[in-house]
Amino acid sequence: MRRYGKHTDEDDIRTRPGRRNTRPRTNIRPKHEDAAEGLVLTVDRGRLTCLVEDRVVLAMKARELGRKAAVVGDRVALVGDLTGKKDTLARIVRIAERTSVLRRTADDDDPFERVVVANADQLAVVTALADPEPRPRLIDRCLVAAYDGGLDPLLVLTKSDLAPPEKLLELYGDLDIPYVVTSRAELESGVALARVREQLDGKITAFVGHSGVGKTTLVNALVPEERRRTTGHVNAVTGRGRHTTTSALALPLSGDDDGWVIDTPGLRSFGLNHVDPSRVIHAFPDLEPGTEGCPRACSHDEPDCALDAWVAEGHADPARLYSLRRLLATRERKEGD
């Protein structure tokens, strides 16, 4: 072993180069002009399954995207191995601008929002008419999230053989929301599926609903070749089922229908801390002109709101204003209230 004295020759000393000297930094990012376009089908622990033309490709997010995350429904640009063969991995280098976003927070006190689905045309809110009992406050929250994110709402009511739908539909009649009512027998015969398909054809539809309402069962019927485990048990006390869908998944409609369904995990709650009330009014075009006289940052549910005079003058139906304020008030109420 060589030992150095007090007067060593600098040429005799070996030094290890620093890491900073081996990787010069640059602000130039690759353009990837030849990147292929794809659709994100599902996300699992940092790996994204994408559809590129007719191939299913596994990919990861490129480092240059930073903290920007892709979600189900995103249109992305990919490079690398796009064959879709086993043990291959592509890279997502761009995320296209979104046309709509379905967001939620864990609860109303949580400042961190989560994007559940991107680029969906409509939000199908699935609820059972009985077993478990319907939760109107949760439905209201889903509607607010749809309006806020630019999605058209659709009500899908299941298990009409156990309870009639009229009472629940009366709550949403003034909102002019399209709806489909199904029963177990109609689902088995295919009659109900035909009605549901009419609302889905040519659209990307995200399905939401709390556990036990038959959401995943309905999706499995719409896309039989992509069978997924359905809820096998509903708690007799809480009315809640086991979570069988653990991550959102986009599936193409079977048959000749041109559309996609996105199955999402069963909901326990739907936080609306991220919602700006000024965006919800856009879903009420008959009321929106009346907000021109509102004070700045008007919540549309206060004494100085100009909508009261607008409606009193006969420009809009009072029931529509009531519906708007009921939806906006869901941010102040818990789902079970």
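Leu58 has a relative accessibility of 35%, and therefore counts as partly exposed in this predicted model. The residue belongs to strand S3, which spans residues 55-61, and together with Met60 and Leu89, Leu58 makes a nonpolar surface patch of about 210 Å².

**Overall composition**

The protein chain contains nine helices and 13 strands, and of its 337 residues 46% are buried. Its accessible surface amounts to about 19,400 Å², with carbon and sulfur atoms accounting for 47% of that area. When contacts between residues at least 6 apart in sequence are considered, 65% of them join residues at least 24 apart.

**Nonpolar cores**

The largest nonpolar core comprises 55 residues, and Leu123 and Leu324 are the members with the most contacts inside it. Helix H2, covering residues 136-149, gives the most to this core, contributing eight residues. If residues up to four places away in sequence are set aside, Leu324 touches Val280, Ile281, Phe284, Leu287 and Leu307. Another core lies apart from the largest one and has 19 residues, including Ala124, Ala128, Leu200 and Val261.

**Helix H6**

Helix H6, residues 215-222, is largely enclosed by the rest of the structure, because six of its eight residues are buried.

**Cysteines**

A disulfide calls for two cysteine sulfur atoms within 2.5 Å, and by this rule the structure has zero disulfides. For Cys298, the closest cysteine sulfur is that of Cys305, and because the distance is 4.0 Å, the two are too far apart for a bond. Cys305 is likewise in no disulfide, and its nearest cysteine sulfur, that of Cys294, lies 3.9 Å away. As for accessibility, Cys298 is buried, with a relative accessible area of 9%, and Cys305 also counts as buried, at 5% relative accessibility.

| Cysteine | Nearest cysteine sulfur | Distance |
|---|---|---|
| Cys298 | Cys305 | 4.0 Å |
| Cys305 | Cys294 | 3.9 Å |

Terms used. Residues are numbered from 1 along each chain as its sequence is written. This is a predicted model: local features need pLDDT of at least 70, side-chain atom pairs count only at pLDDT 80 or more; totals for chains, interfaces and linings use all residues. Side-chain values use heavy atoms; hydrogens and water are left out. Buried means under 20% relative accessible area, exposed over 50%, partly exposed in between (1.4 Å probe, protein chains only). Helices (H or I, at least four residues) and strands (E, at least two) are DSSP runs, numbered from the N terminus. Patches are made of residues with over 30% relative accessible area and no salt bridge: like charges are joined within 9 Å, nonpolar side chains (Val, Leu, Ile, Met, Phe, Trp, Tyr) within 5 Å. Accessible areas come from the Shrake-Rupley method with a 1.4 Å probe; for residues, only the protein chains shown count as cover. A salt bridge is a side-chain nitrogen of Lys or Arg within 4 Å of a carboxyl oxygen of Asp or Glu. Contact means heavy atoms within 4.5 Å. A nonpolar core is a set of buried Ala, Val, Leu, Ile, Met, Phe, Trp, Tyr and Cys residues joined through side-chain atoms within 4.5 Å.
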